[in-house]
Amino acid sequence: MGRVGRWKAGAVGLCAAILLTPVAAKADNGGLSFWLPGTFGSLAAAPTVPGWAYTTIYLHLDQSTGGAKDFIKGGSVVVGLNAKADALVQGISYTFATPVLGGQATVAVFAAPGNVDVGIDARLTGPAGNAISGGIKDSRATVSDVLYQGALKWNQGVHNEMIYVTGNIPSGTYDPNRLSNLSFGFTAVDFGAGYTYLDPKSGHEFSVAGGFTYSGMNNALQYQNGIDFHLDWGASQFVSKTVHVGLAGYYFQQITGDTGVGATLGDFKGRVVGIGPQIGFILPLSKDYQGYLNVKAYKDFAAQNRPEGYTAWVTFSLSNAAPEPTAAKPMYRK
């Protein structure tokens with residue numbers, strides 16, 4: 001397979017991983033959101049090979065708020081919130097061979113079993129208004145909501161564009177009486193667009209994707225997150241036909257405040273910035289199938305009204321192999 005084919009093969013694996021990324025270890029409040037910053041990355045808008053793809057992602061989060069900021073968690077005002085989570089995403093996507101509106105359409109569905117550990121140093125005010133003190137911990141093995149995503153992509157040489165929509169279907173595993181949840185207790189939808197520059201000759205690649213999230217009301221807690229804006233980016237260089245390295249990052253900003261009876265801390269608008277390294281490997285498995293392995297990690301900083309820490313992702317995807325490039329037919333002249 002030529003250099004162009006190899007890079008497009010890499011795009012197949014990575015785009016499948018992007019489509020099958022969970023929004024794990026997040027609750028409806030506690031300074032967290034439906035959208036997990038860093039979901040998109042390099043090659044976000046690059047086209048994929050038509051057909052089925054399977055992706056599994058190991059996701060580790062380690063975040064805390066410190067002891068100087070109040071947060072709402074499970075209907076209570078708490079101090080010193082810290083959380084760790086390990087989730088294993090399982091999902092499938094399908095890319096249609098027939099163009100839709102002149103572009104390439106992909107749909108995906110996925111869910112993630114995992115374990116969540118949440119601790120707080122002190123609970124200041126309980127749901128009934130009584131003062132409570134002392135540390136509390138909660139550990140739970142559970143399953144996320146079912147999540148879905150659809151995307152349309154267009155390619156013009158080195159330029160690639162994308163629009164997408166993603167959301168969740170509540171699974172029923174949300175427990176308002178537990179600190180630890182992988183599901184949300186409310187519905188949410190996120191939509192946005194992305195762009196990828198990919199030059200097969202030089203191996204240069206840069207991607208950026210942005211979107212907005214609308215979250216519904218958590219009826220159990222009477223808490224509704226505000227509208228969020230997020231911008232994810234990735235830049236990489238193919239150092240060989242099957243390996244690329246680079247950086248990835250994100251900017252997350254809540255643009256409208258939290259509302260509802262349970263939002264006792266006011267609008268509580270959140271913000272966070274993150275950056276970290278990435279490396280990806282294209283794995284030719286057979287004539288018909290290929291794998292893609294990607295490892296990336298983000299370190300948070302400049303957090304406001306959100307936990308701060310790091311997130312690590314290990315992604316493996318299996319998809320149809322990119323077709324071999326066809327040789328140009330000879331020209332015959334009379």
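This is a predicted model: local features need pLDDT of at least 70, side-chain atom pairs count only at pLDDT 80 or more; totals for chains, interfaces and linings use all residues.
**Overall make-up**

The chain contains 1 helix and 17 strands, and of its 334 residues, 52% count as buried. Among the contacts in the chain with a separation of 6 or more, 69% are made by residues 24 or more positions apart. The accessible surface of the chain comes to about 14100 Å², and 63% of this area belongs to carbon and sulfur atoms.

A188 counts as buried because its relative accessibility is 7%, which lies under the 20% limit. The C-alpha atoms of A188 and S33 are separated by 9.6 Å, although these residues are 155 residues apart along the chain.

**Two residues with a positive phi**

Most residues other than glycine have a negative phi, and with that in mind two residues of this chain deserve a careful look. L43 is not a glycine, yet its phi is near 65°; L43 is found in the loop between helix 1 (3-19) and strand 1 (51-64), and with a relative accessibility of 0% it counts as buried. N305 has a positive phi of about 55° and is not a glycine either. N305 lies in the loop between strand 16 (289-304) and strand 17 (308-320), and at 13% relative accessibility it also counts as buried.

**Aromatic rings and the charges over them**

A pair of aromatic rings is described by the distance of the centres and the angle of the planes. The structure holds 11 aromatic pairs, and two of them are set out in the table.

| Ring pair | Centre to centre | Angle between planes | Arrangement |
|---|---|---|---|
| Y94 and F96 | 5.0 Å | 85° | edge-to-face |
| Y298 and W313 | 6.5 Å | 80° | edge-to-face |

Y298 lies in strand 16 and W313 in strand 17, so this pair ties together parts that are 15 residues apart in sequence. Are the members of these pairs buried or exposed, or partly exposed? Y298 counts as buried at 2% relative accessibility, and W313 counts as buried at 1%, whereas Y94 is partly exposed, with a relative accessible area of 26%, and F96 is partly exposed as well, at 37%.

K296 lies over the face of W313, at 4.7 Å from the ring centre, while R306 lies over the face of F252, at 4.2 Å from the ring centre.

**Salt bridges**

Side chains of opposite charge can pair when their charged atoms come close. How many salt bridges does a search of the whole structure find? The search finds 2. In one of them the side chains of D62 and K84 meet, with 4.0 Å from N to O, and this pair links distant parts of the chain, since D62 is in strand 1 and K84 in strand 4 (residues 82-95), 22 residues apart. Both residues are partly exposed, D62 at 21% relative accessibility and K84 at 45%.

D138 forms a salt bridge with R178, and their closest N and O atoms are 2.9 Å apart. D138 lies in strand 8 (residues 136-143) and R178 in the loop between strand 10 (159-169) and strand 11, so the pair ties together parts that are 40 residues apart in sequence. D138 counts as buried at 14% relative accessibility, whereas R178 is partly exposed, with a relative accessible area of 29%.

Note on methods:
Residues are numbered from 1 along each chain as its sequence is written. Side-chain values use heavy atoms; hydrogens and water are left out. Buried means under 20% relative accessible area, exposed over 50%, partly exposed in between (1.4 Å probe, protein chains only). Helices (H or I, at least four residues) and strands (E, at least two) are DSSP runs, numbered from the N terminus. Rings of Phe, Tyr and Trp (its six-membered ring) pair if their centres lie within 6.5 Å; planes under 30 degrees apart count as stacked, over 60 as edge-to-face and the rest as tilted. A charge sits over a ring if NZ of Lys or CZ of Arg is within 6 Å of the ring centre and within 35 degrees of the ring normal. Contact means heavy atoms within 4.5 Å. Accessible areas come from the Shrake-Rupley method with a 1.4 Å probe; for residues, only the protein chains shown count as cover.
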